[in-house]
Amino acid sequence: MTDLNTAIREKLQAAHRILILSHIRPDGDAIGSMLALGLALQDAGKQVQMVLSDGLPAAFKHLPGAEQIRTQAEGEFDLVITVDCSDAARTGGSLPAGRRPDLVIDHHITTEAFGSLNLIDPSAAATASLLTRVLPAWGLTITPSIAANLMTGLVTDTLGFRTSSTTPEVLRQAADLLELGVDMSALYFRSLVRRTFAAARYWGAGLSRLQRSNGIVYTSLTLADRQASGYSGRDDADLITVVSSIDESEVAIIFVEQDSEHVKVSWRGLKPYVDVAQIARQFGGGGHRAAAGAEVRGSLAEVQERVLRLTQRALNHP
Ligand code: 5GP
Ligand code: MN
């Protein structure tokens with residue numbers, strides 16, 4: 001066992017009250033990783049609070065332990081852990097004031113070591129993959145409930161085992177989780193395929209304005225679209241995955257209006273030579289080579305103009 005894993009195991013053993021946090025606009029890996037680690041620590045006798053400042057999206061309410069997720073931390077903690085989260089700001093204010101995480105567990109290439117202990121492996125396809133690997137080394141048991149959460153992280157971050165990050169290790173991990181009795185087909189369907197009617201109408205608004213120029217295919221989702229469709233999330237309802245499937249483009253981008261001064265931007269690199277994490281970084285965001293995001297200050301029109309200009313520059317288009 002590595003020194004880092006030994007140090008983490010000792011810290012976990014010594015702690016009683018543990019807080020687990022992840023990022024705003026949480027996805028399947030953030031939620032699955034949080035629940036897997038939280039349930040494993042509870043099984044080991046720890047008191048655990050799991051906090052997502054944006055709350056739990058309806059698409060993940062079926063996961064074991066999901067009912068425990070709250071939107072604010074309450075009380076004192078011996079140990080604070082972040083999962084799948086690149087920096088303190090991305091916890092959405094749920095990190096207790098003045099506190100640095102004791103342990104950061106993540107797989108994003110742009111994540112700085114902002115914890116006291118940092119388990120960051122950009123080669124891992126998902127934070128849930130990292131956890132599947134290390135939980136046993138920390139003396140924690142993967143039960144069927146924990147396995148369902150880990151599987152959700154694997155399935156969502158690999159878009160159903162089809163990203164280039166899908167290694168033999170990931171498929172072996174999925175096979176091991178299946179052997180624990182996980183219903184992969186149901187988890188896959190619920191987290192990646194099934195949509196609400198409102199989400200599909202929201203997609204429609206974005207798709208009706210789809211544009212393409214200089215290798216970039218892009219669209220926006222406005223607050224008015226959200227209201228008209230009845231979609232309740234602050235995200236793109238995963239429209240970026242649909243737009244990423246469009247041929248003959250190098251980069252896909254979606255702009256989601258948050259309020260009059262903030263826009264959430266998502267980039268997807270559609271060619272192996274494009275590194276969108278570096279583009280997102282120029283806007284204070286981050287992510288992976290092929291998938292990255294940032295929250296950018298400005299009106300929708302301003303942000304769109306700046307982001308398209310700098311993305312074109314990164315692609316070496318005049
Ligand atoms: P999405 O575009 O789906 O929100 O995110 C794509 C990838 O970029 C994910 O791995 C996500 O964690 C990361 N990401 C999205 N937004 C931000 C951001 O504002 N800051 C950082 N550091 N990473 C982000
Ligand atoms: Mn992830």
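How do the residues of the shell around ligand 1 divide into nonpolar, polar and charged? There are 3 nonpolar, 8 polar and 4 charged. Before I go on, please keep in mind that this is a predicted model.

Let me stay with the ligand. Of the 15 residues around ligand 1, the ones that come nearest are Ser86, His108, Lys264, Ser266 and Arg268. Two of these can be described by a distance. In Ser266, a polar side-chain atom lies 2.5 Å from an oxygen atom of ligand 1. In His108, a polar side-chain atom is 2.7 Å from an oxygen atom of the ligand. There is also His288, where an N or O atom of the side chain is 3.4 Å from an oxygen atom of ligand 1.

How much of the accessible area of ligand 1 does the protein cover? On its own, the ligand has 500 Å² of accessible area, and the protein covers 84% of that.

Now, which elements give two or more residues to this shell? They are the strands β9, residues 262-269, β10, residues 286-287, and β11, residues 291-297. The most comes from β11, which gives 5 residues.

Next, two residues with backbone angles to look at. Asp84 is not a glycine, yet its phi is positive, at about 60 degrees. You will find Asp84 in the loop between β3, residues 79-83, and β4, residues 103-106. Is Asp84 buried or exposed? Its relative accessible area is 1%, and buried means under 20%, so Asp84 is buried.

The second residue is Phe161. Its phi is also positive, near 60 degrees, and Phe161 is again a residue other than glycine. Phe161 is in the loop between α4 and α5, the latter being residues 168-179.

Last, helix α6, which runs over residues 184-193. Which residues of α6 are buried? They are Leu187, Ser191 and Leu192. Why are they on the same side of α6? Because they cover an arc of only 90 degrees around the axis. What do the buried residues of α6 pack against? They pack against α4, residues 144-157.

How values were computed. Residues are numbered from 1 along each chain as its sequence is written. Chains are lettered from A and ligands numbered from 1 in the order in which they are written. This is a predicted model: local features need pLDDT of at least 70, side-chain atom pairs count only at pLDDT 80 or more; totals for chains, interfaces and linings use all residues. Side-chain values use heavy atoms; hydrogens and water are left out. Buried means under 20% relative accessible area, exposed over 50%, partly exposed in between (1.4 Å probe, protein chains only). Helices (H or I, at least four residues) and strands (E, at least two) are DSSP runs, numbered from the N terminus. The arc is that of the directions from the helix axis to the C-beta atoms. Contact means heavy atoms within 4.5 Å. A residue is near a molecule or strand if one of its heavy atoms lies within 4 Å of it. A polar contact is a pair of N or O atoms within 3.5 Å; within protein, one must be able to donate a hydrogen and the other to accept it, and residues adjacent in sequence count only if both atoms are side-chain atoms. Accessible areas come from the Shrake-Rupley method with a 1.4 Å probe; for residues, only the protein chains shown count as cover. Ala, Val, Leu, Ile, Met, Phe, Trp, Tyr, Cys and Pro count as nonpolar, Asp, Glu, Lys and Arg as charged, and the others, Gly among them, as polar.
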